[in-house]
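Hi everyone, thanks for making time today. Please bring up the sequence and the structure on your screens, and we'll walk through them together.

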Amino acid sequence: MGGAMEISGTIGWFVVQSGLPALDVVFWRCAFGAATLAGVCAAMGLLRGVLTWRQAAWAALGGVAIVTNWLLLFGAYAHASISIATAVYNTQPFMLVAFGALLFGERITFRKIGWLALAFGGMLLIVQARPGASFAGSNYALGIAMALGAAFFWAVASVIAKRLTGTPPHLIALVQVCVGVFMLAPFTHFGDLPTDARTWTLLVTVGVVHTGIMYILLYGAVQKLPTYLQGALSFIYPVVAIAVDLIAFGHRLQPAQWLGAAAILLAAAAMNLQGSRPRATPEPAAQGNRS
């Protein structure tokens, strides 16, 4: 689990270093990820009529949500920095609380409201703060909005994943990235492909390592760890992402941004631990959609 989250935390560096539009990066992530996951699923014997048409349809719908999530998150890096985008993206648990109340009639406790208020306060601090001088991105507010949108679509994918309980998660991931290939192919800039080996190495790494290998590590972990520990270890991801942004790009958060990010991550961690401790069975498909 730790390895999977560390890999996830470094993806922002590869996305930014590629120098390509978010749409192109996501397409190649899906393409190379699909090739990797297809080989894994074939080796596991999961390509022999395991999915019903109904399951495949739900997995495909989840794929649309996941691909949209990636597009928005990667786009947010250019406007609000990797650190801020990742911190805002971790409002995911609160999106799930809202969906749970609206779709499944789940009760919102006063404790949840308290953590939601803390996260909202952290969000206000981030929105009100100005980017540091080391960050040259434009349209800071748009970046925050895109990160929130990414969190929303991750929550949508997690709700859909509830309908796929018991379905092999590696196969769900394969369907999702295949959907991404067909979804984005008409818009990908095939006439202006990278010509240098470095860019292709970055794209292959995002597809093979950050998608294929990360999913394999993650799904291996969720089968072995209690759910509350999965929730705790998942916060390695934003910590690594913030460290990468600081070390690689010198993006230093302002004091208000540090405080806002800490408030969001603390509230999200508390929500994860509070919501997952009583559960005995993990939700592997939903857990696999972190980034």
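Helices here are DSSP runs of H or I with at least four residues, strands are E runs of at least two, and both are numbered from the N terminus.

A word on the source: this is a predicted model, where local features need pLDDT of at least 70 and side-chain atom pairs count only at pLDDT 80 or more, while totals for chains, interfaces and linings use all residues. Residues are numbered from 1 along each chain as its sequence is written, and side-chain values use heavy atoms, with hydrogens and water left out.

Now the overall picture. The protein has 13 helices and 0 strands. Its radius of gyration, taken over C-alpha atoms, is 18 Å, close to the 19 Å from the globule rule for 291 residues, so the protein is as compact as a globular protein of that length. That rule is 2.2 Å times the number of residues to the power 0.38. The C-alpha trace spans about 55 × 50 × 30 Å along its principal axes. Of the 291 residues, 51% are buried, meaning under 20% relative accessible area with a 1.4 Å probe, protein chains only.

Let's follow helix α4, residues 53-89. How does α4 pack with α11, residues 236-249? The angle is about 130°, and the axes lie 9 Å apart. The two are therefore oblique, the class left over once angles under 35 degrees (roughly parallel), over 145 (roughly antiparallel) and 65 to 115 (roughly perpendicular) are set aside. In contact, meaning heavy atoms within 4.5 Å, are residues including Leu73, Ser81 and Tyr89 of α4 and Tyr237, Asp245 and Phe249 of α11. The contact divides into 8 nonpolar, 3 polar and 1 charged. Here Ala, Val, Leu, Ile, Met, Phe, Trp, Tyr, Cys and Pro count as nonpolar, Asp, Glu, Lys and Arg as charged, and the others, Gly among them, as polar.

Stay with serine 81 for a moment. Serine 81 is in helix α4, is buried at a relative accessible area of 4%, and has a phi near 80°, a positive value in a residue other than glycine.

Finally, α4 also packs with helix α8, residues 169-184, at about 65° with axes 8 Å apart. Among the residues that meet are Ala56, Gly63 and Trp70 in α4 and Ile172, Gly180 and Met183 in α8. This contact has 14 nonpolar, 5 polar and no charged residues.

How values were computed. Axes fitted to C-alpha atoms, helices over the stretch in contact; angles between N-to-C directions. Buried < 20%, exposed > 50% of the residue type's maximum accessible area, 1.4 Å probe, protein only.
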